[in-house]
Amino acid sequence: PVPRPPGSPAPRLPVALRICTLVCRSWGDRPQLCQVACGVGRAEAPVRHGAALPQGLDSSLQQWGVVAPSQRQALTTRLRGAAEAAMAALLAAEAELSPQQRGGTRAHTDLLGVDFLLACVDDALELVALSANSQRCLETCLLAEAMGRAVGEPHGDLPRLLAEALLHRAQCHLVEGKDILLIGAGGVSKSFVWEAARNYGLRVRRLCH
């Protein structure tokens with residue numbers, strides 16, 4: 001837990017902060033946080049997707065009274081770790097499923113939205129995971145990205161990361177089922193080639209000399 005800085009002002013009204021994170025499958029099947037967007041609402045009725053315009057994490061935390069940059073950075077780091085850990089757990093669970101259980105040979109999760117609630121418990125700020133989804137978090141994060149560009153903010157990493165994930169899937173689809181001939185496949189240090197070929201659905205033929 002991250003303690004509230006001493007003497008920092010509390011919000012004037014009891015509010016709830018919903019933090020929407022979008023995580024993508026990057027190269028090497030590594031989870032990578034793409035975007036974060038927040039919604040602020042009344043504490044007795046936490047804000048839902050689409051019920052409020054998204055805003056940045058840093059400004060939202062300042063509204064909560066987290067005025068010290070080091071405290072906001074600590075929360076940001078914890079949020080990244082929690083969101084990427086959720087994605088990693090999902091990828092690990094999918095890896096244990098059969099193709100039929102996943103919905104097809106090439107079916108897997110490339111994007112995951114994870115919602116968190118920021119709560120104040122005993123003068124400490126706690127991140128509480130609410131739910132996992134894809135479409136609603138994607139819509140919220142894309143809206144936040146577009147709003148930022150409209151006011152002159154620099155482009156974020158969201159478009160690039162989404163494009164990389166989609167292009168990687170497209171490249172796998174193009175080579176799936178193809179035959180390749182390897183001449184001199186290399187030694188043990190190149191063993192990762194065989195695993196990658198299997199994941200891509202390639203049929204490998206090796207010519208030794």
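**Exercise 1. Find what share of the 209 residues in the protein chain is buried, and describe the secondary structure of the chain.**

Step 1. Of the 209 residues in the protein chain, 33% are buried, where buried stands for under 20% relative accessible area, exposed for over 50%, and partly exposed for the range in between (1.4 Å probe, protein chains only). This is a predicted model, in which local features need pLDDT of at least 70 and side-chain atom pairs count only at pLDDT 80 or more, while totals for chains, interfaces and linings use all residues. Residues are numbered from 1 along each chain as its sequence is written, and side-chain values use heavy atoms, with hydrogens and water left out.

Step 2. The chain has six helices and seven strands; these are DSSP runs numbered from the N terminus, helices being H or I with at least four residues and strands E with at least two. Their pattern along the sequence is β-β-β-α-α-α-β-β-α-α-β-α-β.

Step 3. Contact is defined as heavy atoms within 4.5 Å. Of the contacts between residues at least 6 apart in sequence, 62% join residues at least 24 apart.

**Exercise 2. Describe the pairing of β2 and β3 and state how many residues of β2 are buried.**

Step 1. The two strands pair in the antiparallel sense over twelve bridges; pairing requires at least two bridges found by DSSP.

Step 2. The hairpin of β2 and β3 has three residues between the strands, and Gly28 takes a positive phi near 80° there.

Step 3. In β2, eleven of the twelve residues are buried, so this strand is largely enclosed by the rest of the structure.

**Exercise 3. Identify the residues with the most contacts inside the largest nonpolar core, and the element that gives the most to this core.**

Step 1. A nonpolar core is a set of buried Ala, Val, Leu, Ile, Met, Phe, Trp, Tyr and Cys residues joined through side-chain atoms within 4.5 Å. The largest one has 21 residues, and Leu17, Ile19, Leu57, Leu61, Leu79, Phe116 and Leu118 have the most contacts inside it.

Step 2. At least two residues of this core come from each of β2 (15–26), β3 (30–42), α1 (57–63), α2 (69–95), β4 (111–121) and β5 (124–133). With five residues, α2 gives the most.

Step 3. A second, separate core has ten residues, among them Leu22, Cys34, Ala37 and Leu162.

Step 4. Leu17 stands opposite Val40 in β3. Not counting residues up to four places away in sequence, the residues that Leu17 touches include Val40, Leu61, Trp64 and Phe116.

**Exercise 4. Compare the reach of α2 from its first C-alpha to its last with the expected value, and list its buried residues.**

Step 1. The expected span is 1.5 Å times one less than the number of residues. For α2, with 27 residues, the reach is 39 Å, close to the 39 Å expected.

Step 2. Its buried residues are Gln71, Arg72, Leu75, Leu79, Ala83, Glu84, Met87, Leu91 and Glu94.
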